[in-house]
Amino acid sequence: MFSLRNQLGNQLRALRRYALALSRDRDDAEDLVQETLVRAISGAQGFRPEGDLRAWLFGILHNVHVSARRRDRVRTDSASSIEMLAQTSIPATQPGHVELRRTIEAFATLPEEQRQVLTLVAVEGMSYQEAATVLNIPLGTLMSRLARGREALRAATDHGRRGPVSLRVVR
């Protein structure tokens, strides 16, 4: 009887070599192999015992690598888009410049899924439906991520305040 777990050990050296060739970093390669094995074990029911285990594992590893590079590129592009907006806009006054810097820093701390949605909708000007299609998520999910992202930005930059705080006299 075929046991996927028993066969995985035979492929580890080859997977590590391929991962190292793709990532060029030993730690990243180990992470890549680990993620590949996790996905292989969790998706074991999709593997046919008569199939080529090595090709299947290498395919998973390649797809994990490509997905990670794509995420990195989206992250880098988002940061570049925001920096370009800051550089191409009218020079801000000192308080405006400080506020812009705080907003950019707060944006960078948001979870990736919220940064993606905010970038596509707020920076790139896509409609909600277009952004949902790009990210391959339901429209409701996009809208909830957008709302959470906007709220997190407001909270981080104190834009949620309603005017100056009034003081009361204490005797």
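**Salt bridges, surface patches and helical architecture**

Arg75 pairs with Asp72 in a salt bridge (a side-chain nitrogen of Lys or Arg within 4 Å of a carboxyl oxygen of Asp or Glu), and their closest N and O atoms are 3.3 Å apart. The structure is a predicted model, in which local features need pLDDT of at least 70, side-chain atom pairs count only at pLDDT 80 or more, and totals for chains, interfaces and linings use all residues. Residues are numbered from 1 along each chain as its sequence is written, and side-chain values use heavy atoms, with hydrogens and water left out.

Arg75 and Asp72 are separated by about one helical turn because they sit three residues apart in helix H3 (residues 53-88). Helices here are DSSP runs of H or I with at least four residues, strands are runs of E with at least two, and both are numbered from the N terminus. Arg75 is partly exposed at 36% relative accessibility, and Asp72, at 28%, is partly exposed as well; buried means under 20% relative accessible area, exposed over 50%, and partly exposed in between (1.4 Å probe, protein chains only). The pair also belongs to a network of salt bridges that links Arg69, Asp72, Arg75 and Glu112.

A search of the whole structure finds eight salt bridges. Side chains of opposite charge can pair when their charged atoms come close. One of these bridges joins Glu30 to Arg16, with the closest N and O atoms 3.2 Å apart. This pair links distant parts of the chain, as Glu30 lies in helix H2 and Arg16 in helix H1, 14 residues apart. Glu30 is partly exposed, with a relative accessible area of 35%, and Arg16 counts as partly exposed at 37%. In another bridge, Arg39 meets Glu35, the closest N and O atoms being 2.8 Å apart. Both residues lie in helix H2, four residues apart, about one turn of the helix. Arg39 has a relative accessibility of 38% and so counts as partly exposed; for Glu35, the value is 31%, again partly exposed.

Helix H2 (residues 26-42) also holds Asp27, which is exposed at 57% relative accessibility. Together with Asp25, Asp28 and Asp31, Asp27 gathers in a surface patch of negative charge. Patches are made of residues with over 30% relative accessible area and no salt bridge, joining like charges within 9 Å and nonpolar side chains (Val, Leu, Ile, Met, Phe, Trp, Tyr) within 5 Å. Asp and Glu count as negative and Lys and Arg as positive, while His and the chain ends are not counted; a charge is placed at NZ of Lys, CZ of Arg, CG of Asp or CD of Glu.

In the loop between helix H1 (4-23) and H2 lies Arg24, which has a positive phi of about 65° although it is not a glycine. Most residues other than glycine have a negative phi. Arg24 is exposed, with a relative accessible area of 75%.

A nonpolar surface patch is formed by Tyr128, Leu139 and Met143, with about 230 Å² of accessible area together. Tyr128 is found in helix H6 (residues 128-135) and is partly exposed at 31%.

Taken as a whole, the protein has seven helices and zero strands. Of its 171 residues, 27% count as buried. The accessible surface (Shrake-Rupley method, 1.4 Å probe) comes to about 12100 Å², of which 52% belongs to carbon and sulfur atoms. Among contacts (heavy atoms within 4.5 Å) with a separation of 6 or more, 60% involve residues 24 or more positions apart.
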